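Subject: Structure for you to look at, with notes

Dear colleague,

My notes come after it.

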Amino acid sequence: MSKSITIFSIQKVLRELKKEEEKSQDPRTKVGCILTDGQGIIVARGHNRLPVTLQVQKTDWSLAIKNDLVIHAEMVAILTLVKLDHQPKKLIAWISHFPCKECAKILIDSGIKKIKYRINKYPRRNLYVVSKKILSRAEVPFSKISVKTNHPFD
Ligand SMILES: [Zn+2]
């Protein structure tokens with residue numbers, strides 16, 4: 001049986017994801033994204049939110065409006081990474097939900113090497129089916145986060 005590494009654990013990722021999800025003001029869908037380098041160090045994080053420069057109104061989170069305004073957690077994390085102006089190697093994206101096709105494009109273009117997600121709520125919806133095709137074509141592996149794994153980077 002292989003030995004667990006101690007500097008980084010799935011439990012820690014899930015805790016950090018939960019913290020990030022809780023920051024979201026979306027009353028229905030709370031999504032977090034954590035980017036780690038190859039050593040398991042968290043280099044950026046994000047949650048689904050509205051643009052900070054907007055004067056947010058209560059109705060902005062209504063279903064009719066939020067999809068036009070919301071920035072997905074993955075994009076917020078990538079934006080944070082860009083603002084940090086450094087390029088860590090072998091980045092892994094840990095995400096609450098399987099990424100949509102727009103986020104998949106941003107993630108592969110940012111050099112993310114692997115995607116780990118907690119749940120895929122709508123696997124049959126076109127934007128997730130297309131997302132899988134994009135990730136496969138870019139040869140970026142994706143898999144559900146498993147608490148049973150001994151090595152979190154597998
Ligand atoms: Zn997305």
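The mean pLDDT of the protein chain is 88, and 90% of its residues reach 70 or more. The stretch to treat with caution is residues 1–6, over which pLDDT stays under 50 and for which the model has four contacts beyond four places in sequence. Where pLDDT is low, the predicted coordinates should not be read in detail.

Turning to the sheet, you will find five strands in an open arrangement, in the order β2-β1-β3-β4-β5 and with mixed pairing. The edges are formed by β2 (42–47) and β5 (142–144), and because each of these has a single partner strand, one side of each is left without a neighbour in the sheet. On average, and with direction ignored, neighbouring strands are turned by 20° against each other.

The pairings can be followed strand by strand. Strand β1 (residues 32–36) runs antiparallel to β2 and is joined to it by five bridges, with I34 having R45 of β2 as its bridge partner. On its other pairing, β1 is joined to β3 by four bridges, again antiparallel, and here L35 stands opposite A93. Between β3 and strand β4 (residues 114–119) the direction is parallel, with five bridges joining them, and H97 has I119 of β4 as its bridge partner. β3 is also mostly covered, since six of its six residues are buried.

Helix α3 (residues 73–84) packs on this sheet, where it touches β1, β2 and β3 (92–97), and its direction makes about 140° with that of β2. The helix has twelve residues and reaches 17 Å from its first C-alpha to its last, which is close to the 16 Å expected at 1.5 Å a residue. Its buried residues are A73, E74, M75, V76, A77, I78 and L81, and what covers them includes β1, β2, β3 and α4. After the helix comes D85, whose phi is positive, near 60°.

What does the largest nonpolar core consist of, and which residues touch the most other members? The core has 25 residues, and those that touch the most other members are C33, L35, A77, A93, W94 and I115. At least two residues each are supplied by α1 (10–22), β1, α3, β3 and α4 (101–109), and the largest share, six residues, comes from α3.

C103 is found in helix α4, and it counts as buried because it has 25 C-beta neighbours inside 10 Å, against the 20 or more that the term requires. Not counting residues up to four places away in sequence, C103 touches H72, E74 and M75, of which E74 and M75 are among the buried residues of α3. The C-alpha atoms of C103 and N48, which are 55 residues apart along the chain, are separated by 12 Å.

E139 lies in the loop between α5 and β5, and it has a positive phi of about 60° although it is not a glycine. Is E139 buried or exposed? With 8 other C-beta atoms within 10 Å, E139 is exposed, because a residue counts as exposed at 12 or fewer.

V147 lies in the segment after β5, and this residue too is exposed, with 9 other C-beta atoms within 10 Å. The C-alpha atoms of V147 and Q11 are separated by 7.2 Å, although the two residues are 136 residues apart along the chain.

With best wishes

Methods:
Residues are numbered from 1 along each chain as its sequence is written. This is a predicted model: local features need pLDDT of at least 70, side-chain atom pairs count only at pLDDT 80 or more; totals for chains, interfaces and linings use all residues. Two strands pair if DSSP finds at least two bridges between them. Axes are lines fitted to C-alpha atoms, for helices over the stretch in contact, and angles run from 0 to 180 degrees between N-to-C directions. Two residues are in contact if their C-beta atoms, placed from the backbone, lie within 7 Å. A nonpolar core is a set of buried Ala, Val, Leu, Ile, Met, Phe, Trp, Tyr and Cys residues joined through C-beta atoms within 7 Å. The expected span of a helix is 1.5 Å times one less than its number of residues. pLDDT is the predictor's confidence in each residue, from 0 to 100.
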